[in-house]
Each structure stands twice: as C-alpha cells, then as structure tokens.
Amino acid sequence: MDLGLAVDDSHPPYTVLAVKGEVDVYTAPRLREKLVELVSQGKHQIIVDLEGVDFLDSTGLGVLVGGLKRLRSHDGDLGLVCTQQRILKVFEITGLTKVFAIHDSVEAAAAR
Amino acid sequence: METILELEIPASPEYIAIARLVVSSIASSRRNLPDDRIDDLKLAVSEACTNAIEAYGPTVDEDGSDGRVRILVQDDDEKLEVDVADNGPGFDPDDLPTHPPVTDPERLNFERGLGIPLIRTLVDDVQFVSTPGGTSVRMTVYGEPLELHPPEEFGPDETLTEG
C-alpha cells in the first residue's frame, strides 16, 4: 500500500504537503518522517492537503497532532485541507476540529 | 448467529488494510447499511486491529510472525458483530489515560489513545474483554440484513417448456 506524499512550494510562505492514499498505523510513519523532514528544512508553515486521502485512523491523527506541536515550537503552524465528510468526521469525533484550522481548499488555506 | 467470516492475520501493521477491507466489504454485502455506517465500521475494525497488534508490543517480531490477530464476523436478523482478538498481555479499558480538553495547549502532547474513544463512538455497542491471556473487542452494528433475491431466471416458479 503506497502513501503518496507530494510537496508543493508554489504558495509561499506555505509549503503544501498533498497526501494520497490510506493513512493508518502502517503508513503513518512515512507521513511523520516527511513532516519532520520539512520542519528540519526550515519549512514552518505547512498545509497538509487531505483531499486525496481515502482513509485516516487515529494513528494518522496522532501524526498530525505531533506535526502541529513540532511546528508551533518553531512559531509555525500546520493547517489542513479537507472537504470529505468521512475524513472530517474523524476530526469531529475526537474534538480535533478545535485544534486544527481546516480549510476547503489549498487556496483558502494559503490566503490566511 | 451465523458465522460469515473467520480471518487470522499476522500481528503486523501491513495486514490491517486487508482486514478492514474484507470486513467492510462483507458487512456491506450482508447488511442494509448506509455507506457512512460501513465507513464507521471499517475504521472501528482498523482501530481494534491496531490495538491488538500493539498489545503484543515487543514480544513479536517486526513481521508479526509470532503473534496472530483473529477476526470473527457473525450476524443475525438484527445485528452484525465483529470480534477482534489477540493473545497480548491485556489492559484495563476503564483505566485509560484521559486527554486534556482540546482547548488546552497540553493537548498537543497526546498523540495516542484516540483509538478506543473512536471505536466507542463509531459502532452501536462495544465490549472489551481483557485478561492476562489476551484481549477481545466485540463491536456490534444494528441494522437489517440485506435481502438477497435470486436472479429472476432462476426463480422457483421457473419451468422449462419446450418449443
């Protein structure tokens, strides 16, 4: 099972990480590594685009929470793009809609 | 209750995607459930399998060859039940750490522990049975079975006539 992770720097100062596929306990470590890598490259304003994600579990949520914490410690931020109801539902159940800024599009997330 | 699936996977994360796909496919073919309820069950099964694998901790090899997660799917006229069982050391489901409220900055220190609250929300009923010999999670989804009609050409009234 492949997890697509595409980095797009065309919305400065934001770095967009487009995730594609299923994020679970098997694939989430790759997402974590990519976020750590981006932060270590000095990219502290990250937008994670979840529109290509078919499935997201609590491990994936944990990685995003960890990423947000890491970025906040660098005075940065991690915003999300998600319009899929089945993915949004996981954020709603866990109360994480109050932790993350969730946007309808990359453009909306980059217009902050 | 009729057993409709017995599945055993190695205690390794790479097999969870298969388990949740098989269980959700069977549930959607057997039960008259809307797609979002099937998605809920799929996620709950995935979370239970993740917990089962993590229950083994370092006692199994990375490829899960020493441990097994057993998945049993049964149904009857009113409900579908999915059991996920492991032989790990067990835990107390009523003694889970609680997270700070989401508005508390300390919340960001907790990356784990969301699986069981999710399971409790996603399915209609859940029972945890944890002993030193292993843990079993039974998840129940209520809803009608899907009526299966035989194709018309094979219907019981069909008679063969010549000419």
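Visitor: In what sense do strand β2 (residues 14-23) of chain A and β3(A) pair, and over how many bridges?
Guide: First, a caution: this is a predicted model. β2(A) and β3(A) pair in the parallel sense, over eight bridges. Two strands pair if DSSP finds at least two bridges between them. Eight bridges are found here, so the term applies. Within this pairing, A:Glu22 stands opposite A:Phe55 in β3(A).

Visitor: What makes strand β3 (residues 45-56) of chain A largely enclosed?
Guide: A count of buried residues. Nine of the twelve residues of β3(A) are buried, so the rest of the structure largely encloses this strand. To count as buried, a residue needs 20 or more other C-beta atoms within 10 Å of its own.

Visitor: How many residues does each chain give to the contact between A and B?
Guide: Chain A gives 22 residues and chain B gives 21. On the side of chain A, α2 (58-72) and α3 (85-93) are the elements that give two or more residues. The largest share, nine residues, comes from α2(A). By class, this side of chain A has nine nonpolar, six polar and seven charged residues.

Visitor: Now chain B. Which elements does it have, and in what order?
Guide: Chain B has three helices and five strands. From the N terminus on, they run β-α-α-β-β-α-β-β. Of its 163 residues, 30% count as buried.

Visitor: Why are β1 (2-10) and β4 (125-131) of chain B called edge strands?
Guide: Start with the sheet. Five strands of chain B form an open sheet in the order β1-β2-β3-β5-β4, with antiparallel pairing. β1(B) and β4(B) each pair on one side only, and they are the edge strands. Neighbouring strands of the sheet are turned by 15 degrees against each other on average, direction ignored.

Visitor: How do you know that β3 (residues 79-86) and β5 (residues 134-142) of chain B pair?
Guide: By the bridges again. β3(B) and β5(B) share eight, in the antiparallel sense. The cut-off is at least two, so they count as paired. B:Val82 stands opposite B:Met139 in β5(B).

Visitor: Which strands does α2(B) touch when it packs on the sheet?
Guide: α2(B) touches β2 (68-75), β3 and β5 of chain B. Its direction makes about 15 degrees with that of β3(B).

Visitor: What makes α2(B) mostly covered?
Guide: Of its 22 residues, 17 are buried. Just after this helix, B:Gly57 takes a positive phi of about 55 degrees.

Visitor: At what angle do helices α1 (residues 16-30) and α2 (residues 35-56) of chain B pack?
Guide: About 145 degrees, with their axes 9 Å apart. The crossing is right-handed. Among the residues that meet are B:Ile16, B:Ala19 and B:Val23 in α1(B), and B:Ile38, B:Leu41 and B:Val45 in α2(B).

Visitor: How do the residues of this contact of α1(B) with α2(B) divide?
Guide: Into eight nonpolar, four polar and two charged. B:Arg20 in α1(B) and B:Lys42 in α2(B) are the charged ones, because Arg and Lys count as charged.

Technical notes:
Residues numbered from 1 in each chain as written. Chains lettered and ligands numbered in written order. Predicted model: local features only at pLDDT ≥ 70, side-chain atom pairs only at ≥ 80, totals over all residues. Axes fitted to C-alpha atoms, helices over the stretch in contact; angles between N-to-C directions. Helix = DSSP H or I, 4+ residues; strand = E, 2+ residues; numbered from the N terminus. Left-handed = near helix turned anticlockwise from the far one by under 90°. Contact = placed C-beta atoms within 7 Å.
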